[in-house]
Amino acid sequence: MEVFEIFPWDRNFETGIRAVDDQHKRLVEILNQLAAHLANRSSQVELDRIFDELAAYADYHFRTEEAIWERHFAADVWYRTHVATHERFIDQVGGLKRNESEKIYDDVIKEVVSFLTQWLAAHILESDLRMAKTVQALEEGFPLAEAKERANAHLSGSMRVLIQTVLKMYDSISLRSLELMREKALRRAAEQALFESEQKRRFLAEGRGEDVWDWQFDEGEDHFARAGADLFDIVHSRLVMDGAAGAIHPADIASVKAAFQAHLDGRTEFYVNKHRVLRKNGGWSWVLSKGKVICRDAEGNPLRMLGADTDITERELAALIYRHSDQAMFVTDVNNGVIAINPAFTRVTGYAEIDVIGKDPRILGSARIEPDIYQDMWCSLRATGQWCGELWNRRKDGRRYYASLTINTVTASDGEIDHYIGLISDITDRKEAQELILRQANYDSLTGLANRSLLQDLLSQQIHRAHHDGAKLALLFVDLDNFKEINDSYSHEAGDRLLKESARRMVACLSESDTVLRFGGDEFTIIVADVGDGTRVDAVVDRLLDELKRPFVIGDSTQVYSSASIGVTIYPTDAEDLDDLLKNADQAMYQAKRSGRGRFCYFTPAMQDAAVVRRKLLADMRRAIDQGHLRVHYQPIIELATGVVTKAEALVRWEHPERGMVMPVDFIPLAEESGLIVDIGNWVFQEVVGQVARWKAQIHPAFQVSINESPVQLRDRRNLDGWLGRLVSANLPGRHVAIEITEAVMMQEDRGIRDQLLDLRDAGVEVALDDFGTGYSSLAYLKDLHVDYIKIDRSFVRNLATGAREQALCEAMIVMAHRLGLKVVSEGVETEEHCRLLREMGCDFAQGFHFGRPAPASELELRFATTAVGR
């Protein structure tokens, strides 16, 4: 049975969604089978079988397609309209098929085939392609409305013209092609006998004419070697006998007359003309008309002429697409020499015909093409007849571009390869956009390192490799110490330079098999492969610590110092699961930081237990704020000269419902790390303001309460504004509150913190320097920050005795403070002897268990009442 395509598939029908395109191709394949069996007059049983297969597959395709559309815009009117179109299609085909009781079965199938061809072409190009373009835009991140606009825009302009041209062609191609094939089936035997018996018709056999005509001039009639004359108008008889151009396109009449007359006059060996004719359904078809006068009289007048009209509509449409497509197209012979290119080829590659004709298309390639790609290409062409891929090409001017290349093999009627057709699209912009999106998603823009998104993939690959090789690997968590202080004190630009330089140093410490990633903020992750017995890990960590503690230049000449805390965990010794390794490394890093920073720590199971406790404590702390489990205790501060209590220090306590009273040393560090210290500090400030307002009236009009403030709280201006606002709301002057800070806060050189401390002093709030003498005390800081008090640390008072070294140190600090105009508070006073010595040295205030332990406000008030201390 002769096979033909009533519905020729073309790349313009591809939507870009593989499942949809594959099913469209299968529908077209079944439709072509149905048409071929009809054209070759197959039995009704065979036609029914193929029709049922087509209907079943169409139903399956509709359900598949609707599922894809529904996932993206089920509630949109486009989806509902599309589903309705499918339902109407089933009804229409069923209605046509039911006519078999009233019509000849062949005619019913013919109507079905014609309808299917026209409907399928229109549905793919008008509806499915629009839906697919919308889905592609949605998957690229566009909202539905914009995705629909992009789809409409894609199908407008030149693409709309192309679609309309294709639809017009497919509107008429099916029935005409079907009639042609049936006619060929009817005349096949007759044509064979005719070609064998009449040597004069060899011209027709050689020309492979589709519609053969034999014109006897002396008889004035035409003889057509086909069943019926309804496919084409009898162009030549109308033109010559009655002068009517008939169905010939008006723009082509002159050329037809000229070519025909030239041959009749003997000026051409053959009559050959290409023109358009009007079909009875209103469509235009391209016809290649060929003929030859085979007999003339003595005077040379034509007596008989043989000819053939061939429908070349498909070929002309292909040529139209070839000339006007945006895709670069080229054709090569069996030896891979270029024999033709289209205009778009020159636009895309820069090469004109003179540059490429006869040459191997490899001249388009660039040095970035892998050598094996051509071998793979030819293997695929020999095996499947086609190849599709992406590669780097080079334009004539030397510029490289990323190209999508598709090559198809075209065979001759004998099955031998005739030529190859290649399609090239410049996808550089799309590729660069994809790579940019991929890089932005997976790589840190500041350091160029892989980011957290890639960590899981990279670590999984390394774990798989280590497992396969029976090797070990180390996962390191690196946290830059003091980064936030440097970032806040200098600038974010300085912080960025510190991060970039830190990343560079870390990469330099590692081998090519190791990987550095930026985990986020000032944290980095390092995967060290094949660590053996662990000595390599130690060496790597030592190099990292040494490199990261060297000074960093963050400006023209400004140097800052940082260090790193590193946590180390080993696969598979500590864990085999990726998530467990990450938790282990984080816990080890946390322990390194708690141990003093600038060091590393290996993971141990005890860290996991401690981490569980910390997580539970943190969760309980969050609830403690809301559920009222926090308490403020106050420790009195005595004026040594008079013995009067005019001050107290506020100390937060946590009354845990299960653990009882939790001391600050157990939860304040965790609160600072988690940021909860801000909420706790604000709550404490609010409580103190209310309490000191009462004590101002009950105990002493100048009563003052000091509050310990964390650097975390002082970095945020909103906290300061909130504190000052509460003082105003309580109508409480700022002098009734003092803020205690540590020497570590002063050493951070954070201009923001300094400015806020000065703003507090401007509002009347006094500043006390806590734990004085234990850190890097600097007179310059005392001067610049205008501190009001220093609090001598309890470590100097604990062993205070006459003639002791501590006495000299305490006296020196008291004298220095007084010379600077500062008051002095001694902490840790536990005996009357301490009081006497401090009083003799001129110390202003004292605080310690000798005067009372920290207690709730109610207990302190009771103590005031019983001792009559205060006024």
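The structure is a predicted model, in which local features need pLDDT of at least 70, side-chain atom pairs count only at pLDDT 80 or more, and totals for chains, interfaces and linings use all residues. Residues are numbered from 1 along each chain as its sequence is written, and side-chain values use heavy atoms, with hydrogens and water left out. The protein chain contains 31 helices and 28 strands; these are DSSP runs numbered from the N terminus, helices being H or I of at least four residues and strands E of at least two.

**Confidence and overall composition**

- The average pLDDT of the protein chain is 80, and 84% of the residues score at least 70; pLDDT is the predictor's confidence in each residue, from 0 to 100.
- Over residues 219–246 pLDDT stays under 50, and the model has 61 contacts beyond four places in sequence for them; a contact means heavy atoms within 4.5 Å.
- Where pLDDT is low, the predicted coordinates should not be read in detail.
- Of the 871 residues in the protein chain, 48% are buried (buried means under 20% relative accessible area, exposed over 50%, partly exposed in between, with a 1.4 Å probe and protein chains only).
- Among contacts with a separation of 6 or more, 62% are between residues 24 or more positions apart.

**Strand pairing**

- An open sheet of six strands has the order β11-β13-β14-β12-β17-β18, with mixed pairing; two strands pair if DSSP finds at least two bridges between them.
- The edges are β11 (450–451) and β18 (600–602); each has a single partner strand, so one side of each lacks a neighbour in the sheet.
- Strands β13 (residues 515–520) and β14 (residues 523–528) run antiparallel and are joined by five bridges, with Ile527 in β14 as the bridge partner of Thr515.
- Strand β25 (residues 789–792) pairs in the parallel sense with β26 (residues 823–826) over four bridges, and Ile790 stands opposite Val824 in β26.
- Strand β26 is also joined to β27 (residues 845–846) by two bridges, running parallel; Ser826 has Ala846 in β27 as its bridge partner.

**Salt bridges**

- The structure holds 32 salt bridges, each defined as a side-chain nitrogen of Lys or Arg within 4 Å of a carboxyl oxygen of Asp or Glu.
- Lys431 and Glu390 form one of them, with the closest N and O atoms 3.1 Å apart. Because Lys431 lies in helix α14 (residues 428–442) and Glu390 in strand β8, the pair ties together parts that are 41 residues apart in sequence.
- Arg761 and Asp788 meet at 3.0 Å, N to O. This pair links helix α26 (residues 751–762) to the loop between α27 (779–785) and β25, with the two residues 27 apart.
- Arg761 is partly exposed at 29% relative accessibility, whereas Asp788 is buried at 15%.

**The surroundings of Arg505**

- Arg505 lies in helix α17 (residues 492–508) and is buried, with a relative accessible area of 4%.
- Beyond its neighbours within four places in sequence, Arg505 is in contact with Glu547, Leu548, Arg550, Pro551 and Phe552.
- Two of these contacts, Arg550 and Glu547, meet in a salt bridge (2.7 Å, N to O).
- Arg550 is partly exposed at 36% relative accessibility, as is Glu547 at 25%.
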